[in-house]
Amino acid sequence: MEDSPSMQNSNTSGESQGKDFKWQKRKGHWHAVKVETKDGVKIKEFTHDPKSRPRKFPRDRPQKFPGRKPLDPSLQQKYSRGGGVETSYVRNPKHRVMKNKLKKREAKIKEAEEETARAEILLTESAGIMETEEGSYTANVTQRDIRNSVDITTAAKGFELVLKDFGPYKMHFTRNGRHLLLGGRKGHLAAFDWITKKLHFEINVMESIHDICWLHTEHMMAVAQKKWVYIYDNQGVELHCLKKLAHVHKLEYLPYHFLLCTAGETGFLNWLDISLGQELLTIQTGKGRLEVMRQNPYNAVICCGHSNGTVTMWTPNEKEAVASVLCHGSPVRAIEFDPAGRHFVTAGVNRELKIWDARNLGDCMYTYKIRMGASTLAFSQKQMLAVGMGNVVEVYDRVTKGGFSWPYMHYDCKNSVTGMQYCPYEDILGVSTYKGYSSLIIPGAGEPNFDALEANPYLSVSGRREAEVKSLLGKVPYGLITLDPSSIAQVDVPTLEEKLEAKKALKYVRVPKVDVEPRYRMKGKSGSAQKFKRKQKTVDIKKREYIRNAVIARDELGLKEEKQTKPKKSFGLLDRFHTKVQK
């Protein structure tokens, strides 16, 4: 406390300072101040006596507001962004500016970590989990028991749709978890708000539907039909017919890059930019029919499962697979990534379920045996894995940490399972079957607090429009899709050295040797003298062209050849008498 409050000095050792004096701190010293009013003018008297000071300084008193509450170390570790950059190793005085920039950057990162940890108290909801008494298992609890135990709002989220005529069905949730899209193999297509049960549209496309996918908003969706891929709006009106994407069986949408990736029965992978309508790349995988495809949400890399038991990873920047992993000794039936993109799960025909580290593709982390081959997999936001086997759905908790001994939830469907997905920010697992759709309540599966800037379930019309514009402005170029995103911020040393060498070579233009063989001509025009003249003329033209291009490239880079000029010697009248130096 810089300025002390008013304090009567009744217990000081000096007698000259009485009750009329007050203590104030001026320029680092304590002074006794006496205030008098004479003729309407305030007069202050300052006296400084080191012996006469208050026994207890105001700064020694316990402060009423000591400052911000110290953070819990475990909470600070939870939101930590890493160790940071050690600036003490930067000792070169030439790098002082860069050192100060690094210090400021680290200070901002540390401040962001602290503010994020302090803001956790504002999160009103917390994730829960279902627990049972001793001697019983959570897998024995039925959906009816859960609906009877929870509140009416949560119970209304568990329902079942019986659709017998147009199955089997595919399903897909939007990123904010508010809208649901259903597509039947026999042409039935429907979209609705599954919370309020408000139907957007319901049509029959009169063709077989192989896969469905929402795009950047709930107003556009992609449907892989019998021959081509179609784009519809939320009223069921056909917007586009993408004839370049033929015989597609799988669809994946990359939300941050505005890319639609497709895989078909011919073994081709296609990337389409939906914001520009351009086809970026078409790759022939050479692995046959593609029926299994997923994207890694961490780096936007497309992973495909093949019949030879391998999983290949593809990017739109390379025409060859960036990685290939032999996961099973039998065909791969399903792949699924966790929301953070750190782990992925593969299921094979041989009833094996394997957990892999997506950042280290060397060895498998865990291998489990299940009752039958899994056809569908789904990861929740809280690391719960749902496994679809025939008409059985089992949910396992903590599978990335070896917790696969007993299922957390168990559900028997009336028909075979064809698709599964957890609803974002809800404890709901959507299951599509041959004859309908089921919404299962899985306690503790969803993230309880949503980020309104990332995915807001309660967006208004103007808010949705604003979010769409911001996402388009923040579109990530597809050239940044790599297997290791951290490599973008690193320096490519070999390429940089090659560029520097090329720049140095441009300073000194050296004409390469040109070897030309003149064409044979008739009527005495192919004599030795004539051939030599024509050859020399062609060589001179190519040399001049090479020098001209090199000079233009050197001028564009701002590189000029340094000319060594000899100093001019001054010549005087008497210099003729100097002795000449023999060279």
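Secondary structure first: helices (H or I, at least four residues) and strands (E, at least two) are DSSP runs, numbered from the N terminus. Residues are numbered from 1 along each chain as its sequence is written. What you have loaded is a predicted model, where local features need pLDDT of at least 70 and side-chain atom pairs count only at pLDDT 80 or more, while totals for chains, interfaces and linings use all residues, and side-chain values use heavy atoms, with hydrogens and water left out.

**The whole chain**

Colour by secondary structure: the protein has 7 helices and 31 strands. Of its 583 residues, 38% count as buried. Buried means under 20% relative accessible area, exposed means over 50%, and partly exposed is in between (1.4 Å probe, protein chains only).

**Stop 1: the loop at P168**

Select P168, in the loop between β4 (160–162) and β5. The peptide bond from G167 to P168 is cis, with omega near -5°. In general, most peptide bonds are trans, and most residues other than glycine have a negative phi.

**Stop 2: two positive phi values**

Go to F258, in the loop between β13 (248–254) and β14 (259–264). F258 is not a glycine, yet its phi is positive, about 55°. Buried or exposed, this F258? F258 is buried, with a relative accessible area of 2%.

Next, pick A300, in the loop between β17 (292–295) and β18 (302–305). A300 is not a glycine either, and its phi is positive at about 65°. With 8% relative accessibility, A300 counts as buried.

**Stop 3: the nonpolar cores**

A nonpolar core is a set of buried Ala, Val, Leu, Ile, Met, Phe, Trp, Tyr and Cys residues joined through side-chain atoms within 4.5 Å. Which members of the largest core touch the most other members? Show V395, Y422, L429 and I442, out of 32 residues in that core. At least two residues of this core come from each of β5 (169–173), β6 (179–184), β26 (384–389), β27 (392–397), β28 (409–412), β29 (417–422), β30 (428–433) and β31. Another core of 29 residues lies apart from it, and includes L254, L259, L281 and A300.

Zoom in on V395. Contact here means heavy atoms within 4.5 Å. Not counting residues up to four places away in sequence, V395 touches M384, L385, A386, P407, Y408, M409, Y422, L429 and I442.

**Stop 4: S439**

Now take S439, in strand β31 (residues 436–441). S439 counts as buried, at 2% relative accessibility. Its side chain reaches the backbone oxygen of K157 at 2.7 Å; a polar contact is a pair of N or O atoms within 3.5 Å, where within protein one must be able to donate a hydrogen and the other to accept it, and residues adjacent in sequence count only if both atoms are side-chain atoms. Leaving out residues up to four places away in sequence, S439 touches K157, G158, F159, W194, I428 and L429.

**Stop 5: rings**

Show the aromatic side chains: there are 9 aromatic pairs in the structure. Rings of Phe, Tyr and Trp (its six-membered ring) pair if their centres lie within 6.5 Å; planes under 30 degrees apart count as stacked, over 60 as edge-to-face and the rest as tilted. F337 and F344 have ring centres 5.2 Å apart and planes at 35°, so this pair is tilted. F337 and F344 are both buried. Y366 and Y368 have ring centres 6.2 Å apart and planes at 15°, so that pair is stacked. Y366 is partly exposed at 29% relative accessible area, whereas Y368 is buried at 11%.

**Stop 6**

How far apart are the end C-alpha atoms of helix α2 (residues 96–118)? They are 33 Å apart, which agrees with the 33 Å its 23 residues should span at 1.5 Å a residue; the expected span is 1.5 Å times one less than the number of residues. L102, E106, E113 and A117 are the buried residues of α2, and they pack against α1 (73–78).

R118 also lies in α2, and counts as partly exposed at 24% relative accessibility. Neighbours within four places in sequence aside, R118 is in contact with R68, K69 and L71.

Finish at helix α7 (residues 528–556), whose buried residues are R534, V539, A550 and R554.
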